[in-house]
Amino acid sequence: MHSVVSSPLSITNSITSQAWRWRAASADARDSGLDEKDILTQLLLSRGCPPDQLAAYRAPSIRSFMPDPSIFHDMDSAAARIADAVAANETVTIFGDYDVDGATSAALLIRLLHGLGLTASAYIPDRLMEGYGPSGEALVALGATGSTLIVTVDCGAQAFEALAQAKDAGIDVIVVDHHKCATMLPRAFAIVNPNRLDEAPEAAAHGHLAAVGVAFLLGAAIIRTLRARSFFSVREEPKLLELLDIVALGTVADVAQLKGLNRAFVAQGLKVMATRKNIGLNALIEASRLNRSPLCSDLGFALGPRINAGGRVGKSDLGVRLLTTHDAHEAREIAQELDRLNGERRTIEAAVQQSADERVVGQGNRAVALVSGHGWHPGVIGIVAGRLKERLGRPAIVIAVDEDGIGKGSGRSIAGVDLGAAVLAAKDEGLLVAGGGHAMAAGITVMADQIDALAEFLDARLSADVARASKSRALLLDVLVAPGGITPSLVETLERVGPYGMGWPAPRIAAGPVRVIKADVVGSDHVRAIMAGDDGKSLKTVAFRSRDTPLGQAILGAPSDRRLWIAGRAKIDDWGGRGQVELHIDDAAWAD
């Protein structure tokens, strides 16, 4: 068993200007009497695992973490209404957002309803022509074509006017969402959202779920309702757990915190995905050129972006069509089209990123980096905002302004700064046409002449929070080893505490001291290096998107007589079946 090495490091100002600290377990965990020298136990405790739940967290299962769906407001009434629709064979439409969470949420309900004998259709709005969320015109039009029940997924929590129009038209609308709610709720048949302000603590504790996770809980409630009505006395009950591959994809791609139930969703969902039973997902895996069973990171960096590409730069319904098709030929065609669109998205993204980088330079020390540009493609602004946030260490909002002077913006935040709440406050101040989100991400619609006022408002509202978050900013470490200790065996051991993602960070390894033997730039701006330690062992490293950063320049220009401490995440590079270990460097500090 690997054990944690005590640290001789005392780094207060690294090359990226931050201190290095050891990720600590809570006081309760430290007083539990558990053996923290066991690296797996330490990793679990330092990520917030309660000492009495170590067994459940080591092997996360749905049974261990699944709540009673009835704890959520409107869950039972929503399930009963959908059960009625199934029994009466009503015309049902699932209205989804155009991102991965929306596509997977819609696909889950469509596949579940199909298993119950009801053919439901999907409606995904066009990002450019219709924008985010349900419009009254779209809902009324769906009702006019026969839909007696519409279920919105990953949207609707702030759609007051649209839902009021649907209500007045006699259309039942169920909202399944996870975005922040206002004090008042829209007029809908039911609103199932763990982030309702009137939820009890037990339900609110699940506010980290992605919309697809909420949809899964609704699915469980629907099956339970139909079971109580003896619906399955004459037909087979759908296997809801077989849809966990879709739940895992939406959860990871939406950057939901991988704690509690989400950990079980992803851990079990990856197992389902490995069976390749979903024809569409299988085609997407092949189009992504993965020659093994997908890992958690693949959901966020390979599969998710391709699903997203449809809503960003292509046809908004491609993702849900792929995830619900039973035709292998159609699945291959859609997956190939999504792969092509993802390449197109990268090109567009690079151009917007360059412009955004240039415009943020003159902003000084604003709490929120807010940049806008006429003609920027709104399909990539969320990605660009995320990159700015990572590089600057503060929240970022990127706004694409169209020819009518209407700006569509997307924001990303840092830990400790609730961007979603600030956006709702800006909306209440009359600065936004529309807006919503959650703590770590938000979307807005703003008139071009209000952008400067919005920037001032966010700076005033969030400056104290950003200052506190920045002051406590540090690189958190889990393991210290000599370069030769970064082996496939160590990586495999660390993976046993996965899946890793938002809220459950992958272990960060510190290694050194090392000398840079060889360094160069690969791709457009990645710095690759071979480093060697005092133990005579060499290590392959990569610092992504770092060529023009202090970290990248330090590695490229490191003198042969100076040594570095390095810190990052160890990965097994399985390209070509080599199975070599490399360290993805996050930071470095001079040792000499």
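**Pocket and aromatic rings in a predicted model**

The second largest pocket has a volume of about 340 Å³. This is a predicted model, in which local features need pLDDT of at least 70, side-chain atom pairs count only at pLDDT 80 or more, and totals for chains, interfaces and linings use all residues. Residues are numbered from 1 along each chain as its sequence is written, and side-chain values use heavy atoms, with hydrogens and water left out.

Student: Which helix gives the most to the lining of the second largest pocket?

Tutor: Lining residues have an atom within 4 Å of a pocket point. The lining holds 17 residues, and Arg-111 is among the closest to the pocket centre. The helix that gives the most, with four residues, is α6 (residues 100-115).

Student: Are the planes of the Tyr-57 and Phe-65 rings stacked or edge-to-face?

Tutor: Rings of Phe, Tyr and Trp (its six-membered ring) pair if their centres lie within 6.5 Å; planes under 30 degrees apart count as stacked, over 60 as edge-to-face and the rest as tilted. The centres of Tyr-57 and Phe-65 are 5.1 Å apart and the planes stand at 90 degrees, so this pair is edge-to-face.

Key
1 Å grid on protein atoms, 1.4 Å probe; cavity = no way out; pocket = protein on both sides within 12 Å on 5 of 7 lines; lining within 4 Å. Points joined across faces, edges and corners; volume = space filled by probe spheres on them. Helix = DSSP H or I, 4+ residues; strand = E, 2+ residues; numbered from the N terminus.
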